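The sequence and the structure are shown first, and the points are then grouped by topic.

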Amino acid sequence: MTPSDSPINPFETAKQQVDIVADRIHLNGGLREVLKHPKRELTVNFPVRLDDGSFRVFTGYRVQYNMARGPCKGGIRYHPQVTLDEVRALAAWMTWKCAVVNIPYGGAKGGVICDPKAMSQGELERLTRRYATEIAPLIGPEMDIPAPDVYTDSQTMAWIMDSYSMQKGYSVPGVVTGKPISLGGSEGRGEATGRGCSYVIREAAKDAGVRVKGGTVAVQGFGNAGSVTANLLHDEQGATIVAVSDSKGGIYKAEGLNPHSVEEHKRKTGSVVGFPGTKSVSNDEILESKVDILVPAALENQITKRNADKVGAKIVAEAANGPTLPEADTVLFQKKVTVLPDILANAGGVTVSYFEWAQDIQGFFWPLNEVNGRLEQVMVRSYADVHKTAVEHKVHNRTAAYILAIQRVADAIKIRGFYP
Ligand code: NAD
């Protein structure tokens, strides 16, 4: 389910989050209003030639939420239910995510209302090139740098980079991130989200007194973010992965799974289900399993008032965006569950996107060990910042991450002053 399917308007939620933190850190009215408004929004309606020779008009958006701390950064989503309010909310969350990990970016997001599953590669290419051209006045390495999101990928980014470069008359690799390596993509980008998540889990486990080596892990959503987190917790930190799931169901093995073999099984059969020697488990059983670490890495709105008190994990690391509803946060906090909020736990992806952009504009590329080493530094420092803020303000990690992020953006706006 996308946020736009939910009865709650995601932009209303995003604004409420700002208000809650603004009250706590005593932000004045004017500054608070700035933080509750997107800086710039573009709606584009554009025709695309379909394979049958007809034309259809598509609608797309690009929202630049705030650029006080640097150029805007945020993905582009292709989905039938994209709405302007959803894009605004996602752009706000990108602003806070970049600020939590203290990379020099503001936040943006883009979307096109379309059904990519019902379109051919040729139609998707024409749609992407025309959308890129329509938003070209707003994007660029110094202004706003898009990246992949739901149903867009490195091929989409290659088309955007090419369309933008054709108009400029020279190659501009730094206009998008998440590109193929051959076009200026970064080593390590593919596994950055899961890798970043594994570092944050390692750090939080020390503070929470939870063992990772020999500890048990359940992962909901064995896709990119989930499988990489599982592999790294298993290979580098000695954790026992006892349960994983995907959209077709879940599997459990008390003695532990080899996540690489599960990945291989999923590649061959299309699902983790049916992996030899495992017992089938439901989505609820995954979320409620008695493990040391639960990694929700699939969808929004998974931990709610309904099941929060049944969560059996000591640490919940949100590789996915928005898996926990605010109502559940309080329950988990009271149960002394350590929640590692999405804007921290999955920020490894945007961090290595930042490295990709930095490499592109220097024209100087780093080896994998340098990318991973720098990613580790950013994630360790960011977790420490969030934990310190949580202790100081006596709040849970999500509120702490928002306090840190919103304070950083507010400070940048304040010190720049209001123009003119
Ligand atoms: P993905 O498509 O690679 O993986 C998603 C996985 O979730 C798939 O295995 C799918 O089968 C599974 N899934 C879907 N519905 C499910 C259900 N009902 N129960 C259990 N599993 C289900 O996507 P991804 O890139 O890994 O993204 C997953 C989440 O992580 C999303 O919320 C995304 O926004 C977030 N995220 C990803 C990145 C990244 O760099 N990949 C960065 C930041 C945040």
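Just after α8, Gly 270 adopts a positive phi of about 90°. This is a predicted model.

- Helix α8 comprises residues 259-269.
- At the N-terminal end, α8 is capped by Asn 258, with a side-chain oxygen 2.9 Å from the backbone nitrogen of His 260.

*The faces of α8*
- Pro 259, Val 262 and His 265 are the buried residues of α8.
- These three residues lie on the same side of α8 because they cover an arc of only 115° around the axis.
- An α-helix has 3.6 residues a turn, so residues three or four places apart point the same way.
- The exposed residues Arg 267 and Lys 268 are carried by the face of α8 turned away from its buried side.
- The cover over the buried residues of α8 includes α7 (224-237), β7 (240-246) and β8 (249-257).

Two packed helices are described by the angle between their axes and the distance between the axes.

*α3 with α14*
- The axes of α3 (residues 84-100) and α14 (residues 397-416) come within 8 Å and cross at roughly 95°.
- That angle makes α3 roughly perpendicular to α14.
- From α3, the contact is made by Trp 93, Thr 95, Trp 96, Ala 99 and Val 100.
- From α14, the contact is made by Ala 401, Tyr 402, Leu 404, Ala 405, Ile 406, Arg 408 and Val 409.
- Of the residues in the contact of α3 with α14, 10 are nonpolar, one is polar and one is charged.

*α3 with α1*
- Helix α1 (residues 10-24) packs with α3 at an angle of about 35°, and their axes are 7 Å apart.
- On the α1 side, Pro 10, Phe 11, Ala 14, Gln 17 and Val 18 make the contact.
- On the α3 side, the contact is made by Asp 85, Glu 86, Arg 88, Ala 89, Ala 92, Trp 93 and Trp 96.
- The residues of the contact of α1 with α3 comprise eight nonpolar, one polar and three charged.

**Thr 193 in helix α6**

- Thr 193 is located in helix α6, which spans residues 192-208.
- Thr 193 counts as buried because its relative accessibility is 15%, and buried means under 20%.
- Apart from its neighbours within four places in sequence, Thr 193 is in contact with Ala 225, Ala 345, Asn 346, Gly 348 and Gly 349.

Terms used. Residues numbered from 1 in each chain as written. Predicted model: local features only at pLDDT ≥ 70, side-chain atom pairs only at ≥ 80, totals over all residues. Heavy atoms only, no water. Buried < 20%, exposed > 50% of the residue type's maximum accessible area, 1.4 Å probe, protein only. Helix = DSSP H or I, 4+ residues; strand = E, 2+ residues; numbered from the N terminus. Arc of directions from axis to C-beta. Contact = heavy atoms within 4.5 Å. Polar contact = N/O pair within 3.5 Å; in protein donor to acceptor, adjacent residues only side chain to side chain. Axes fitted to C-alpha atoms, helices over the stretch in contact; angles between N-to-C directions. Parallel < 35°, antiparallel > 145°, perpendicular 65-115°, else oblique. Nonpolar A, V, L, I, M, F, W, Y, C, P; charged D, E, K, R; others polar.
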